[in-house]
2 protein chains.
Amino acid sequence: MLESKITQLTVRDVRFPTSLEQHGSDAMHTDPDYSVAYVVLETDSDAALKGYGLTFTVGRGTEIVVCAVKALSTLVVGKTLKEIISDFRGFYRLLSSDGQMRWVGPEKGVIQLATAAILNAVWDLWARVEGKVRNKPLKTNTSDPAKLISCIDFRYITDALTEQEALDILVKAKKGQKSREEQMLKEGYPAYTTSCAWLGYTDQQLTQLCSEALAQGWTKFKVKVGADLQDDIRRCSLIRKLIGPNNTLMIDANQRWDVNEAITWVTKLAEFHPLWIEEPTCPDDVLGHASISKALAPLGIGVATGDITHQLDCYWTTC
Amino acid sequence: MLESKITQLTVRDVRFPTSLEQHGSDAMHTDPDYSVAYVVLETDSDAALKGYGLTFTVGRGTEIVVCAVKALSTLVVGKTLKEIISDFRGFYRLLSSDGQMRWVGPEKGVIQLATAAILNAVWDLWARVEGKVRNKPLKTNTSDPAKLISCIDFRYITDALTEQEALDILVKAKKGQKSREEQMLKEGYPAYTTSCAWLGYTDQQLTQLCSEALAQGWTKFKVKVGADLQDDIRRCSLIRKLIGPNNTLMIDANQRWDVNEAITWVTKLAEFHPLWIEEPTCPDDVLGHASISKALAPLGIGVATGDITHQLDCYWTTC
């Protein structure tokens, strides 16, 4: 079934009116409608065999990503799954380095989001084929939210390695394996929740959602900040009181500040002991992130960049 | 007329088949069809008063920029010209920071190209109004290619300054004014030509176009490189022979290499004494450009970044 040829790519603009109740709101995205450009790949081998992929957006502008997916689709339709997965890097390069389309990127913004939706659909299609052929699902999940395990099935990675590469990783990882296994079985994979403290939520909502999350076993909480300092102080104080001194608080400004503003603002929130400030400034300002990180280190506050890679040259400032 | 309200924005996808004869070809854009997303603004004051703006593209993908211009148009239509120009920074922020659309940027790629086309059209509209009102054109031109002067009329800049700011600039610029004026009148504003040596041109075309440009008075020549080292050596050698040791040669790889490849490749072209290598690597890799610059400095070769600002956090490594 790896010989299946991709015969059609369709893409839909799917929007959810999350802004109505301020779900997902932050200092930069004050009225987000969480949305997706949703790609479906069809093949010539089996009408039921399809690959599904999406890229996340926050409402207006999704139609531009849809337009970009359509533009890229000519590079996908007609290929066999085997052709793609036998040279996945080449396939990525094909999408990102088209001699004309790369001009409107390269490898960033709309065209990168569109590429992501297509690549996700290809991964999904591959996993469905593998699932039928040798029971290798794309993801492994548990339904317990406090012990969330959601990751790409390890065999997609290990199968791509040579025996020696796989062996080296295993030998290296042997150290500490037992204690990690024990910790994982006892505590679950570490995860945090953002869903209690979107910027547009009232203090009442925040209190209720945070209490519910605590009862469910969550120990790490992220709060959106950056629109109004007094609001941030009040909200961080409230959350810290609710979760107590031993649970973890993180804050996220979603790119709102310039470098100096970030340092000043976060310094005023230091008393609530956030583990990190996420996306304090322009996502492209690598050196700016380094300056903020350096300034906040004495306060014990780290800097995290966003979970979005809109461009090739992504970076990660450890927290 | 500054009170004119913008009543309509139309945008067209205009393409020119330049790839047929390899005009504009380089190491990354091997078959470019030089194209534009072309914006026209109409107002309620005078049917003949329109603002024209464009953003450059190289063919496929222009339709994505057109789609993005349409998405942004709701932020433009209904505004008066006065509202916009009295807070041009605010207007830029409005286009680049829409709470939903910024997700597909921010300030990079397709959405930034679309924003540029709109801003250009607003500048043009403003200049046409000013031209009618007080004879202040947008640009000043001469038609002599060897003495090309093409710049935004200085009054758009000086009018935006306070008297003290303008005075400070004038006092600072007084030093050397006479010699600069004499040089400008004698030699014209320095310009170079790229049109002789697109990557897809034959040696015969290259020889002919370069000879013609020399006869027209050009003294600075840019050559596209980066696809094949032996071709580059042959072409750079040919051009250097044609233009002689005293004219200037620049080379441009259009983002083709990684950092080490750039250093090795350009070192092999050093014997032709290029003034700079333009876009040696990924445009987002600021530190990579710095490494290349440092490595090539002992050879007397500078590094130039591209003439495209696809994102806010642009940089310029001096050559």
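**Helix H9 of chain B**

I started at the end of H9(B): B:Gly244 follows the helix, with a positive phi near 80°. This is a predicted model, so I note that local features need pLDDT of at least 70, side-chain atom pairs count only at pLDDT 80 or more, and totals for chains, interfaces and linings use all residues. Residues are numbered from 1 along each chain as written, chains are lettered from A and ligands numbered from 1 in written order, and side-chain values use heavy atoms, without hydrogens or water.

I checked the length next. Helix H9 of chain B has 15 residues (229-243), so at 1.5 Å a residue it should span 21 Å; its end C-alpha atoms are 21 Å apart, which agrees. The expected span is 1.5 Å times one less than the number of residues. Helices are DSSP runs (H or I, at least four residues), strands likewise (E, at least two), numbered from the N terminus.

At the start of H9(B), I found a side-chain oxygen of B:Asp228 within 3.1 Å of the backbone nitrogen of B:Gln230.

I listed the buried residues (under 20% relative accessible area, 1.4 Å probe, protein chains only). They include B:Leu229, B:Cys236, B:Ile239 and B:Ile243. The buried residues of H9(B) pack against helices H8 (203-216) and H10 (259-267) and strands E6 (220-224) and E7 (248-252) of chain B.

**Domains of chain A**

I turned to the domain assignment, automatic or from a database. It gives domain 1 (5-141) and domain 2 (190-317) of chain A. Their C-alpha centres lie 30 Å apart. I count zero salt bridges between domain 1 and domain 2 of chain A, taking a Lys or Arg side-chain nitrogen within 4 Å of an Asp or Glu carboxyl oxygen.

Key
Buried < 20%, exposed > 50% of the residue type's maximum accessible area, 1.4 Å probe, protein only. Contact = heavy atoms within 4.5 Å. Polar contact = N/O pair within 3.5 Å; in protein donor to acceptor, adjacent residues only side chain to side chain.
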